[in-house]
Amino acid sequence: MQKMAKSNVFISGMRGLGVEIAKNIVLGGVKSATLHDTGSVNVEDLSSQYFLRPEDAGKNRALVTQPHVSELNSYVPVSTCTKQITKELLLNFQVVVLTASSADEQEWVGEFCHGEGIKFIVADTRGLFSQIFCDFGENFIVTDTNGEQGITIMVSAITKDEENVVTCLDEQRHGFESGDYVTFKEVQGMTELNNCEPRKIKVLGPYTFSIGDTSGLSDYVSGGYAVQCKMPKTLNFKSIKKALHDPEFLITDFAKFDRPAQLHLGFQALHEYNKRNSSLPRPRNKDDGNKLVEIAKEINGKACSKVDEIDEKLLRELSYQARGDLCPMQGIIGGIAAQEVMK
């Protein structure tokens, strides 16, 4: 919460996804939010940008959106920027979020933010397809890795040994993982463990785990609880330039284990298609879909981390939906991206 209260956030792109992110972080309560867009309202924007009206056509998207976002939380100043992004501009912010941006813009902004210690997020939706990239820099400390309540489990036995064994009561599954930390309370006999410094555990089975050497402690008598301790974890993030060549994916569906790599390639091909043709592929256009597949093959041939077999059907579907703006998708991805900002 303290980080949020000190964070000035820059959100670029006030189409459906950008306004969803802006809405969420303003309601969450940051120090300030700046809405950026150099483009004007057109009829396509009305499909998902709920603050725009037909009479706003031709006006700057950020200027039209700002009054509506400001009304959501009077404690968060909301300003606008309608100029091109510059390095001097970015230095005023702790978090930068890009939506509806080109690959070239993502790369130079991402590299600059990484070097300056500015948190950097890219979010994009294309019909039913989406992507999110996060770069929180070097030595980013995570105080809670999963956001869940810490586990508390009743203990029935603790052995006194160099490699001890802690047994749960009535064969109750503990739910711990090796590397977790625990402390104890209400233990009778081996009282040295009560409110002790967090001890790293090694899982021995679903009902047992070890906390290391207890040979120098008193004999265990009965009772007690093992309480999970949330320990800070330090993460190092890659810049977007490095991540493009050597990506690390978050797997959400193990039935489609190869899907993230396919879409990573597909979004790169989509950016390249837009760069070459100054437009995105047309909806349900087979010729444009075939062009996107060919571009994907070119990129894959030069890539360090190659996709073994390109899913042409999937990439054609991405091409068919590239111009699509769906409110439900933008609501989901906007919520996830805003949650990343809150970190």
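The secondary structure of the protein comes to 10 helices and 15 strands. The model is a predicted one. Its C-alpha atoms fill a box of roughly 80 × 50 × 35 Å along the principal axes. The chain has 343 residues, and 45% of them count as buried. Among contacts with a separation of 6 or more, 67% link residues 24 or more positions apart.

The protein is divided into three parts by domain assignment. Domain 1 is made of the segments 4-142, 237-243 and 324-342. Domain 2 covers 152-231, and domain 3 covers 249-322. The centres of domain 2 and domain 3, taken over C-alpha atoms, are separated by 50 Å.

The record places the feature "domain: Ubiquitin-activating enzyme E1 FCCH" at residues 161-230. Over residues 161-230 the chain is 29% strand and 0% helix. The end C-alpha atoms of that span are 26 Å apart. The record also places the feature "domain: Ubiquitin-activating enzyme E1 four-helix bundle" at residues 231-300. That span is 57% helix and 4% strand. Its end C-alpha atoms lie 40 Å apart.

An open sheet of seven strands was found in the model. The strand order is β11-β10-β14-β8-β9-β13-β12, and the pairing is antiparallel. Strands β11 (199-200) and β12 (202-203) stand at the edges. Each has a single partner strand, so one side of each is left without a neighbour in the sheet. In general, strands of a sheet pair through backbone hydrogen bonds. Within this sheet, strand β8 (residues 152-158) runs antiparallel to strand β14 (residues 225-229). Three bridges join the two. At this pairing, Ile-153 stands opposite Ala-226 in β14.

The cysteines were examined next. The structure holds zero disulfides. Cys-168 is in no disulfide, and the nearest cysteine sulfur, that of Cys-229, is 15 Å away. A disulfide requires the two sulfur atoms to lie within 2.5 Å. Cys-168 is buried, with a relative accessible area of 2%. Cys-327, in turn, is partly exposed, with a relative accessible area of 36%.

Thr-99 counts as buried because its relative accessibility is 3%, and the limit for buried is under 20%. Its side chain reaches the backbone oxygen of Ser-12 at 2.7 Å. Beyond residues up to four places away in sequence, Thr-99 touches Ser-12, Gly-13, Leu-17, Gly-18, Ile-21 and Ala-123.

Packing around helix α9 was then considered. This helix spans residues 312-321. Its buried residues are Leu-314, Leu-315, Leu-318, Ser-319, Tyr-320 and Gln-321. They pack against two strands, β5 (119-126) and β6 (129-135). They also pack against two helices, α7 (259-277) and α8 (286-302).

Leu-314 gives one view of this packing. The residue is found in helix α9. Leu-314 counts as buried, at 9% relative accessibility. Leaving aside neighbours within four places in sequence, Leu-314 is in contact with Phe-129, Arg-259, Gln-262 and Leu-263. The C-alpha atoms of Leu-314 and Gln-262 are separated by 8.1 Å. Along the chain, these two residues are 52 residues apart.

Leu-292 gives a view from helix α8, where this residue has its place. Leu-292 counts as buried, at 0% relative accessibility. Apart from residues up to four places away in sequence, Leu-292 touches Ala-269, Leu-270, Tyr-273, Leu-315 and Ser-319. Leu-315 and Ser-319 are among the buried residues of α9. The C-alpha atoms of Leu-292 and Phe-267 are separated by 9.9 Å. These two residues are 25 residues apart along the chain.

Note on methods
Residues are numbered from 1 along each chain as its sequence is written. This is a predicted model: local features need pLDDT of at least 70, side-chain atom pairs count only at pLDDT 80 or more; totals for chains, interfaces and linings use all residues. Side-chain values use heavy atoms; hydrogens and water are left out. Two strands pair if DSSP finds at least two bridges between them. Buried means under 20% relative accessible area, exposed over 50%, partly exposed in between (1.4 Å probe, protein chains only). A polar contact is a pair of N or O atoms within 3.5 Å; within protein, one must be able to donate a hydrogen and the other to accept it, and residues adjacent in sequence count only if both atoms are side-chain atoms. Contact means heavy atoms within 4.5 Å. UniProt positions are given in the numbering used here, feature names are shortened, and annotations may be inferred rather than shown by experiment. Domain bounds come from an automatic or database domain assignment.
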